Amino acid sequence: MKKIIITFLLSAGLLVSCTDLEVTPTSFVTEDNYFITQDDAVASVTAVYASLSLDPGEQSLFGRNLYFLTDMATDYAAAGVSATNPQVRALSSLTHDATSDRVQVAWRQIYAGINRANVSIDNIPKVSGSEVVKTRLINEAKFIRGLLYFQAVRLWGGVPIVLHEPTSIQLESLKSRRESVDNVYAQIISDLTAAESLPAVYTAADAGRATSGAAKAILAKVYLTRKDYPNAILKAREVINGGYGYALFENFQDIFTKTKKNGKEHIFSVQFEPNQAGNGSSGSTFQATSFTGFTATEPADIISDVALFYDIYEAGDTRRDVSYAKQLLNPTTGTLYTFPKPIFKKYLDLTNLATPANVAINFPLIRYADILLSLAEAINEQGAPTAEAYELINQVRRRAYGKPINTPDATVDLAGLNQTTFRAAIQEERKKEFVQEGQRWFDLVRWGTLVTEIKKVTAKNSVSEKNNLYPIPQSERNIDPVGLPQNPGY
């Protein structure tokens, strides 16, 4: 999965010209002459993965663009003075509308990835090669498709379900109307269930590809979101007890250390390499937008309220100084620099602070700590915390405080809580654990607390119940206003 450069005709849209142009093509790639060999099939699925991390000329979906919706538009993050796009600032203040370019780009990027997956799923069966390999590749594409629909249904509610590539350029045939939330989730579950047959592990050369454990982990989150707690418990336990070798890193910092990519805690990560597209805006831009250098200049991505989100960490909780930095050592001058306000730190390449360009640190889309906390949450929602639920959350807490993970420790372990107070404890741990990991907005919506929590930040008091969904992009509704009715409040 490393450093693969592909030129592949898998666009999500159409280019239309009003000028007659006669060109004699010297070469042309179509599905009929592209999908021939197994190598073609592998390349097509690599392009599906690339939809998560590459979008030349634009910040990629998981490289930062989704962050605007899932983090900056929540309570703990905000737009700093370096965020000059007024649409970004509108998301930060919860004043965005259906014309938001960031919402539109997220929609386009998600459906571009879905379209790539559809092309692969439709065409791989006809290539020559191993049936085992072809089935695996199809299920990898289904994993990405299910993952992207999971993002979409939580962001917008019912969305169009597109399962095949377009076969016509006629406008009516390109329209896809919103489906019910239940139908979208049924498709997600179908895709991820198929992906459960993927390999449990890959060789080092294929590290980063979707596994059966990743499919089960995302399914656990799907069922948790649906409040189907028995199935959430079932899938989470399959992840934990399935012999995958998943475990917490002993050191919280290791999750975001580039030399420990695809480690034991990383169930599925979006893969990033430095300047992987040869384009400064295509890969991960988290470092450049969180750290503007050793100056007082406020970066684009900032903490919204120091008292509410930095000062809440108890003494000894290592997650604070991995997630945020008040000080960093300037490698050029040797001076310990203190920032006016804590900056986000998780995705900083601490070995190369002098040139914060495309960072090589992966984006951990789902990791083992998420499964432990999700299982604890699902168990508690069944009636009350059990000994198993306590052990799950306490393992995460012990690691946070630098304690042996599997050894009970009365100084950090939780005990004696009822369902309500255990629920609050889970919510607090998730807030501290998953800073800048695309989890916060989904968590707040799932818990029904988005408005209450965001209103605690003065600059974000425009939030209302409509913000539990994002608007359908107006550019999409202009094509089919009947088939794409707008979400309430927009």
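Predicted model: local features only at pLDDT ≥ 70, side-chain atom pairs only at ≥ 80, totals over all residues.

Me: Why is α6 called roughly antiparallel to α8?

Reply: The axes of α6 (residues 131-156) and α8 (residues 181-195) cross at roughly 150° and come within 8 Å. Angles over 145 degrees count as roughly antiparallel, on a scale that runs from 0 to 180 degrees between N-to-C directions, with axes fitted to C-alpha atoms over the stretch in contact. Therefore α6 is roughly antiparallel to α8.

Me: Which residues make the contact between α6 and α8?

Reply: Contact means heavy atoms within 4.5 Å. Among the residues involved are F143, L147 and F150 of α6 and V184, I188 and L192 of α8. The contact has 12 nonpolar, three polar and four charged residues.

Me: What makes a residue nonpolar, polar or charged?

Reply: Ala, Val, Leu, Ile, Met, Phe, Trp, Tyr, Cys and Pro count as nonpolar, Asp, Glu, Lys and Arg as charged, and the others, Gly among them, as polar.

Me: Is the crossing of α9 and α14 left-handed or right-handed?

Reply: α9 passes α14 in a left-handed crossing; that word applies if the near helix is turned anticlockwise from the far one by less than a right angle. The axes of α9 (212-225) and α14 (residues 368-381) lie 10 Å apart, at an angle of about 35°. Their contact includes A217 and L224 of α9 and I371 and A378 of α14.

Me: What makes a space a cavity, and what makes one a pocket?

Reply: On a 1 Å grid over the protein atoms alone, a 1.4 Å probe fits in a cavity but cannot get out, whereas a pocket is an open set with protein on both sides within 12 Å along at least five of seven lines. Lining residues have an atom within 4 Å of a point.

Me: How many cavities are there?

Reply: The whole structure has four cavities of 30 Å³ or more. The largest cavity holds about 140 Å³, and Q151, R154, L365, G438 and Q439 lie nearest its centre among 17 lining residues. The largest share of that lining, four residues, comes from α6.

Me: What volume has the second largest pocket?

Reply: The second largest pocket has about 320 Å³. Its lining has 20 residues, with V201, G208, T211, N262 and H266 nearest the centre.

Methods:
Residues numbered from 1 in each chain as written. Heavy atoms only, no water. Helix = DSSP H or I, 4+ residues; strand = E, 2+ residues; numbered from the N terminus. Parallel < 35°, antiparallel > 145°, perpendicular 65-115°, else oblique. Points joined across faces, edges and corners; volume = space filled by probe spheres on them.
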